[in-house]
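Reader: I would like to see how the terms used for a structure are backed up. Can we go through some of them one at a time?

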Amino acid sequence: MSEPITLNRDTSAAETGRRLQAVLLDMDGTLIESEHLWNESEAELVAELGGVWTEQDHARNVGNAADPVARYIIELTGADLTPRQVARELYAKFRSKLEGGARLRPGAKELVRTISEAGVPVVLVTSTERELIEAAIGGIGLESFDDSVAGDEVAANKPDPDPYLRAARRLGVDARRCVAFEDSLVGVTSAADAGCVTVAVPDHVVIPPREGVVFRESLVGVDMDWLESLVADR
């Protein structure tokens, strides 16, 4: 798999001795209001395949990559299709819904700007495949991030820790001194298992308490002093 170009700052966080070395941000449900678009896409596809998609079905799949969702849909409907075929159909429906642009979650654009202006690397870490990222994150702009890791560029997708470990490795930083933002249990598991300080901002799902996971109601008001405090003892 090809790796996107990494934008290098003049001086990395690791070289400055700063405790906070990077901020790693999930996309769907964390930075953009896209979970309802996924839900609509899933429901439409399942209906075409002769099934019924419920809110419970959507909740079970929040944060998952396309292939696991596709396997779930096949099991639900009995469709005589491969997971890749179902995933492609699902992505086509989602892409059509992105034509009007995905709304940003409150505080998302301000958070990315605040981190960037402070000189701390900020990376997009998403289960979504590369082909959809630029359109999905258009309200912020992919160029606003130092790097991005897509769901089809990792050995194992979330909830495996590989996406976050890969993001840290590409920056040359310690994952334990990175702060990750996630909205789903799948994403929180991935980030926390990678050793990141994880900020959970739940969207549509309940995330149980876990050591190393901090909860917030929204991204509004997140500042650098607070982010730095999360890694102060690491």
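Author: Helices here are DSSP runs of at least four residues, numbered from the N terminus. The model is predicted. Just after α9, G195 takes a positive phi of about 95°.

Reader: Which residues of α9 are buried, and what covers them?

Author: Buried means under 20% relative accessible area. In α9 that holds for V186, G187, V188, S190, A191 and A192. Their cover includes α8 (162-171), β4 (178-182), β5 (197-200) and β6 (213-215).

Reader: Why is β4 called mostly covered?

Author: The count is 5 of its 5 residues under the 20% cut-off, so β4 is called mostly covered. On one side are C178, A180 and E182, on the other V179 and F181, and both faces are covered.

Reader: How do you know that β1 and β4 pair?

Author: Pairing needs at least two bridges. Strand β1 (residues 22-25) and β4 have 4, in the parallel sense, so they pair. L25 stands opposite F181 in β4.

Reader: What makes β4 and β5 a pair?

Author: They too are joined by 4 bridges in the parallel sense, and at least two are needed, so they count as paired. A180 stands opposite T198 in β5.

Reader: Why is the unit of β4, α9 and β5 called right-handed?

Author: With the strands pointing away from the viewer, a clockwise path from the first strand over the helix to the second is right-handed. The β-α-β unit of β4, α9 and β5 is right-handed, so its path runs clockwise in that view.

Technical notes. Residues are numbered from 1 along each chain as its sequence is written. This is a predicted model: local features need pLDDT of at least 70, side-chain atom pairs count only at pLDDT 80 or more; totals for chains, interfaces and linings use all residues. Side-chain values use heavy atoms; hydrogens and water are left out. Buried means under 20% relative accessible area, exposed over 50%, partly exposed in between (1.4 Å probe, protein chains only). Helices (H or I, at least four residues) and strands (E, at least two) are DSSP runs, numbered from the N terminus. Contact means heavy atoms within 4.5 Å.
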